[in-house]
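This briefing is meant for a reader meeting the structure for the first time. It begins with the overall layout and then turns to particular helices, residues and charged pairs.

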Amino acid sequence: MSSVTTRKPLKHSFALPNILTYSRIAAVPIVVACMYAQSIGNGPLWLRWVALAVFIIAAVTDFFDGYYARMWNQQSAFGRMLDPIADKLLVASCLLMLAADETIKGWSLWAAIVILCREILVSGLREYLAALHVRVPVTQLAKWKTTVQLVAIGFLIAGEAGEAILPPTIPIGITLLWISALVTLYTGWDYFRSGIHHLVEDE
């Protein structure tokens, strides 16, 4: 009986959707290393394009891992746990690097802080509710928030390199980051309210 129960998670862990999620985690140190080498290490601007290319590929896997998991019926508890962790690692590491190289600075730092705080709070809430066997589904607005957030970070990663081709690259990224932060506040509150509602119903 134990061999049956252990094989299934192992099979799912090497399914294509989870491999795509692993690749998103693996992309994090590459993106960070390129950004660090260019900004902190005074490296060439083409490193920003490498960082952006890897970031875009990683961001695209966020769509395809869920798509293939649903299409091939390969959804699993492990995949549901790992997917948001991969997203948060990618977003948080990029925001921290963008703050370190002062692409995000001044008042715009508050947008990054709001996004990071919301991610931590929602993760904690989900973990708490999961222990009570309460699931809070991801809303469509939250998915759009993630899309805007990723596009904003993409513009900001391009940074100076992007400015040479499209002069308002950084202002566009900052504007989208603020939009994402405002939507983040709403979706964070929506998750919290939904979680409390489920708890009250279960009592």
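In what order do the elements of the protein run from the N terminus on? They run α-α-α-α-α-α-α, and the protein accordingly has seven helices and zero strands. The model is a predicted one, and the values below are computed from it.

**Overall make-up**

- Of the 203 residues in the protein, 40% are buried.
- The protein exposes about 11,700 Å², and 71% of that area is supplied by carbon and sulfur atoms.

**Regions listed in the record**

- An unreviewed UniProt entry lists residues 21-40, 46-64, 85-101 and 170-189 under "transmembrane region".
- In the model, the span of residues 85-101 is 94% helix and 0% strand, with its end C-alpha atoms 24 Å apart.
- The span of residues 170-189 is 100% helix and 0% strand, and here the end C-alpha atoms lie 29 Å apart.

**Helix α2**

- Helix α2 covers residues 16-39, which makes 24 residues, and it reaches 35 Å from its first C-alpha to its last, close to the 34 Å expected at 1.5 Å a residue.
- At Ala-27 the helix α2 bends by about 25°, and a proline, Pro-29, follows within four residues.
- The buried residues of α2 include Pro-17, Leu-20, Arg-24, Ala-27, Val-31 and Met-35.

**Ile-174 in helix α7**

- Ile-174 is found in helix α7, which comprises residues 169-202.
- With a relative accessible area of 15%, Ile-174 counts as buried, because that value is under the 20% cut-off.
- Leaving aside neighbours within four places in sequence, Ile-174 is in contact with Thr-103, Ile-104, Ser-108 and Leu-156.
- Ala-152 is 22 residues away from Ile-174 in sequence, while the two C-alpha atoms are 6.8 Å apart in space.

**Salt bridges**

- The count of salt bridges in the model comes to five.
- In one of them, the side chains of Arg-24 and Asp-87 meet at 2.9 Å, N to O; this pair links distant parts of the chain, with Arg-24 in helix α2 and Asp-87 in helix α4 (residues 77-100), 63 residues apart.
- Both partners of that pair are buried, since Arg-24 has a relative accessible area of 1% and Asp-87 has one of 19%, and under 20% is what buried requires.
- Lys-88 forms a salt bridge with Glu-119, with 3.3 Å between the closest N and O atoms; this pair too links distant parts of the chain, Lys-88 being in helix α4 and Glu-119 in helix α5 (residues 108-131), 31 residues apart.
- Lys-88 counts as partly exposed at 25% relative accessibility, whereas Glu-119 is buried, with a relative accessible area of 10%.
- Glu-119 also takes part in a salt bridge with Arg-118, the closest N and O atoms being 3.4 Å apart, and Arg-118 is buried, as is Glu-119.
- Salt bridges that share partners join Lys-88, Arg-118, Glu-119 and Lys-145 into one network.

Definitions and conventions:
Residues are numbered from 1 along each chain as its sequence is written. This is a predicted model: local features need pLDDT of at least 70, side-chain atom pairs count only at pLDDT 80 or more; totals for chains, interfaces and linings use all residues. Side-chain values use heavy atoms; hydrogens and water are left out. UniProt positions are given in the numbering used here, feature names are shortened, and annotations may be inferred rather than shown by experiment. Helices (H or I, at least four residues) and strands (E, at least two) are DSSP runs, numbered from the N terminus. Buried means under 20% relative accessible area, exposed over 50%, partly exposed in between (1.4 Å probe, protein chains only). Contact means heavy atoms within 4.5 Å. The expected span of a helix is 1.5 Å times one less than its number of residues. The bend at a residue is the angle between axes fitted to the seven residues ending there and the seven starting there. Accessible areas come from the Shrake-Rupley method with a 1.4 Å probe; for residues, only the protein chains shown count as cover. A salt bridge is a side-chain nitrogen of Lys or Arg within 4 Å of a carboxyl oxygen of Asp or Glu.
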